Amino acid sequence: MQRKIITLLLAVTMLIGTIAVPVKPAEAASSTNNAGKVIDALEIMDTDQGNSTNPAAKVTRAQYAQMLVNMSALKDQTSAKSNVSLFKDVTKKYWAAGYIQTAINQGWMSGYMNGTFKPSQSITLMEAVNGVLKLLGYTNSDFTGNLNAAEMALYESKDLDKNITKTQKQALTRKDCMNLFYNTLIAKTKDGKIYAETLGYTVDSKGEMDYLSLVNTKMEGPILVDNDWKSQIPFFLGEATFYKDGTLGTLNDIQQNDVVYYSKNLKSVWAYDNKVTGSIQTILPNRLAPTSVKLGGKEYSLGSNDMSVAFSSLGKVDEGDVVTLILGKDDTVVDVLGIDEYNVTVTGIVVDNGERVMTNDKDELVSSNYVAFVDAGGNKYEQDYDLTAITFSEGEVVRVTYDNGIASVNSYKAGSTSFGSNTFSSDGMKLGSYKLASNVKILDYYKGSYKSIKPSRLANITLGDASVNYYELNSSGDISKLILNNVTGDVYKYGILTGISSQGSDKMSFDYNINGTTGTGIGDEYDVKEGPKGFIFDDDDSTQIEDLIDLTKVNVRAIGASIVQDSTQKYMIADEVAVFFHDAGKYSVATLSDVSNLNKYKLTAYYDGSMASGGRIRVIIAENKD
């Protein structure tokens, strides 16, 4: 009887050993989703035989051989062709002969004792694990005892089994292989290096593959949109996914003189409408070998040899010329249009004005007045103008029209539509009865500081009467450009005011700590005390404080990744919340994860305005509990 019980317990133990521990649903979904996107982008599971879209489809040994090649540094050096017939069932004419030959030579896979490879047989977990461990630099000599058991133990200890529930002899599906390859990419090699990084890819701070960085490196282009641009895309656009300025869109959103990039494997097209117009201030380092140009106080890199020639002594563009730069996804210059080729009107809000010395057409130094302004896309411009005809002040809306190389500068008065008391929709894509264009450009501005804003940041916010400085509608009647007047509070920098002293003449000196950087600024006499504050600094002089605001205190009873709560209300945490640990009168920069244990720390949060009006928790201070 006792022997039967022992046998039964052993059977139960063995059964439990074969049951996979469930993964938390959210964690599994997130990891699997990222894995699929990464593996697709890297084309690891693409084979010459074609690719199934069914995640439950079994993967053959021949397919797996090519996938291992795709996972290795030999990807671009290996072809399907082979000059030998390695196995009875793999002649040199077999579709995967070259990949199988490489997998055998590298020790990633092996044939069978009877001289066959069985290319159409499904790959088992044990066979697959042997392949990826060899990619990580392990050899059979690294294992003692039972080779299969030792390899499977290493497979589990390196977390290569995440989201995989198969046992050693079970066949793997495409989904299993996707997870195995992703887990291998983020695993460490025998030498202690992350495998993905040995292939030149990027892993983020959480140890996951950086998908956005990967997509950027995999984009083909740029292509300037003209009448013939579609013929340069190597896949059917009717089945493609389109993005316009980083937002999901349609083919119809792509317009003349946009810049597009594409990924053949992802069947995706990214379009950018990013243009700046103005006078070329400087060609750097010189016109003999130009690498960048300066326009409107900002430097732009030249994105191709054609652009280097265009701005060289052999080209058509010189300093002082008024042009439109067509920019790609990384703000590099893709094309340049003379003002006679692309007449344009630019509207923005004044951030600076003054007088400067410049060289005229006769190579003489002359004094000129200029106005600096920023448009809804966050592009900064500088334009000379006649002070005797018009004057500008900071915060005023200005419109510059370029017509055949001549700039006309005027103040701009907003239209009759008032957005006061209107509320943004829950996704931020509608304001009152007006839709926002899919590629809408939004700028929040206040006292010389500005920040580009995504529509989602404006969700459910109700505007006041003076909240909109400028708006523009596209041909569909949707809002395409919007310049706001301090709606979000995101234009401020948030930190700790650590000291106050008088400077005389109605000026005060303010010591501060912002993100661990300490300094002193000069400003007007503000009625404030030391503690958490919002700061606006002069764009040209970081010692000049333009505005200083108090924040409201919240005693934190609960905290999450994006929410804090007191006894009665929840408050949203700003994406760039400033977190400090306060001890013995000193403030040290911390992170939310550092201080989120409420059993250990007392947390006090500070917000700038009501959540309905766009306010957020801007500063969190942690102190040890007594």
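Strand 2 (residues 241–244) and strand 5 (residues 268–272) run parallel, and four bridges join them. If you want a spot to start looking, take T241: its bridge partner in strand 5 is S268. Bear in mind that this is a predicted model.

These two strands belong to an open sheet of five strands, ordered 1-4-5-2-3, with mixed pairing. Strand 1 (220–224) and strand 3 (247–249) sit at the edges, each pairing on one side only. On average, neighbouring strands of this sheet are turned by 30° against each other, direction ignored. As a reminder, strands of a sheet pair through backbone hydrogen bonds, either parallel or antiparallel.

## The chain as a whole

Stepping back, the protein chain has 11 helices and 32 strands. Its C-alpha trace spans about 100 × 70 × 45 Å along the principal axes. Of the 626 residues, 44% count as buried. Take the contacts in the chain with a separation of 6 or more: 58% of them come from residues 24 or more positions apart.

Now for the surface and the charges. The chain exposes about 32100 Å², and carbon and sulfur atoms supply 47% of that area. There are 60 positive and 76 negative side chains, with the centres of the two sets 13 Å apart.

## Helix 5 and what covers it

Helix 5 (residues 125–135) is mostly covered, with 10 of its 11 residues buried. Among the buried ones are L125, M126, V129, N130, L133 and K134. What does the covering of these buried residues include? Helix 3 (61–70), helix 6 (147–157), helix 7 (174–185) and helix 8 (195–198) are part of it. After helix 5 comes G137, which has a positive phi, near 100°.

Is E151 buried or exposed? E151 counts as buried because its relative accessible area is 1%, and the cut-off for buried is under 20%. Leaving aside neighbours within four places in sequence, E151 is in contact with M126, V129, N130, L133 and K134, and also with N140 and F143. M126, V129, N130, L133 and K134 are themselves buried residues of helix 5. On helices in general, there are 3.6 residues a turn, so residues three or four places apart point the same way.

Another open sheet has five strands in the order 23-22-21-24-25, and here the pairing is antiparallel. Its edges are strand 23 (517–524) and strand 25 (545–550), each of which pairs on one side only. From one strand to the next, the twist averages 40°.

Within this sheet, strand 21 (residues 493–504) and strand 22 (residues 507–514) pair in the antiparallel sense over seven bridges.

## A hairpin with a glycine in the turn

Strand 19 (residues 468–473) and strand 20 (residues 479–485) run antiparallel, joined by five bridges. They form a hairpin, with five residues between the two strands. L473 stands opposite I479 in strand 20. G477, in the turn, has a positive phi of about 85°.

## Two loop residues

G428 sits in the loop between strand 15 (406–411) and strand 16 (430–431). Not counting residues up to four places away in sequence, G428 touches L436, P455 and A459. For a sense of scale, G428 and S501 are 73 residues apart in sequence and 43 Å apart in space, C-alpha to C-alpha.

S52 lies in the loop between helix 2 (25–42) and helix 3. S52 is partly exposed, with a relative accessible area of 35%. Its contacts, leaving out residues up to four places away in sequence, are A57 and R174. S52 and R174 are 122 residues apart along the chain, and their C-alpha atoms are separated by 8.3 Å.

Definitions and conventions:
Residues are numbered from 1 along each chain as its sequence is written. This is a predicted model: local features need pLDDT of at least 70, side-chain atom pairs count only at pLDDT 80 or more; totals for chains, interfaces and linings use all residues. Side-chain values use heavy atoms; hydrogens and water are left out. Buried means under 20% relative accessible area, exposed over 50%, partly exposed in between (1.4 Å probe, protein chains only). Contact means heavy atoms within 4.5 Å. Accessible areas come from the Shrake-Rupley method with a 1.4 Å probe; for residues, only the protein chains shown count as cover. Lys and Arg count as positive and Asp and Glu as negative; His and the chain ends are not counted. The place of a charge is taken as NZ of Lys, CZ of Arg, CG of Asp or CD of Glu. Two strands pair if DSSP finds at least two bridges between them. Axes are lines fitted to C-alpha atoms, for helices over the stretch in contact, and angles run from 0 to 180 degrees between N-to-C directions.
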